[in-house]
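Here's a quick briefing for anyone meeting this structure for the first time. Take a look, then read on.

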Amino acid sequence: MLDEKVQYLVDNGVLRGDENGELHLYDRVTRAEFVTLLSRAENWDLSGVSAGSFTDVPASHWAAQAIEKAAALGAVNGIGGGKFDPDGWVTEEQVYTILVRRAGYASQAEGDGTGRYGNYYEVADEIGLTAGETSYTYNAPANRLFACHTIYNYLHLDSAQTDAA
């Protein structure tokens, strides 16, 4: 039995299983996979989107359109040197950074510029993205369950903030 957050994402076509229907919730998530989950969660229109921002994401890459759209929306900016590293593991910190940016709180998170990701985790916690997560490791690769929980929390920020008040 799936928890409520995962079930919601499955029911809404955000999370899909493999050819056997397995969700592999404890497998690590690549940067391309996470951006694709987010694109499904937000129902991005990817028609007419073409690759070009990152030298390591050719137009033929299965997630090229989602990656390009995420860059255009300011959710991602790559790893430097014109690269995105689509097959690299997305870290928990990167998940929070992307979702804080999409939620419109980047300026708060970058306010004092204390590090590569500033205070994205603190802002994520304040706005409710971390709800239900009991541990956090800065550079730890995120697994699918973590990605699902944070995307669900992102999609329900208004209700999460209301419930916390």
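Helices (H or I, at least four residues) and strands (E, at least two) are DSSP runs, numbered from the N terminus. This is a predicted model, where local features need pLDDT of at least 70, side-chain atom pairs count only at pLDDT 80 or more, and totals for chains, interfaces and linings use all residues. Residues are numbered from 1 along each chain as its sequence is written, and side-chain values use heavy atoms, with hydrogens and water left out.

**Overall build**
- The protein chain has eight helices and zero strands.
- For 165 residues, a compact globule would come out near 15 Å in radius of gyration (over C-alpha atoms; the rule is 2.2 Å times the number of residues to the power 0.38), and the chain's 15 Å agrees with that.
- Of the 165 residues, 45% are buried (under 20% relative accessible area; exposed is over 50%, partly exposed in between, with a 1.4 Å probe and protein chains only).

**Helix 6**
- Helix 6 spans residues 120–127, and its buried residues are Tyr120, Val123, Ala124 and Ile127.
- They sit on the same side of helix 6, because they cover an arc of only 105° around the axis (using directions from the helix axis to the C-beta atoms).
- Just past helix 6, Gly128 has a positive phi of about 105°.

**Two loop residues with positive phi**
- Asn43 isn't a glycine, yet its phi is positive, about 55°.
- You'll find Asn43 in the loop between helix 2 (31–41) and helix 3 (64–72), and it's exposed at 64% relative accessibility.
- Asp85, also not a glycine, has a positive phi near 60°.
- Asp85 lies in the loop between helix 3 and helix 4 (92–103), and is partly exposed at 32% relative accessibility.
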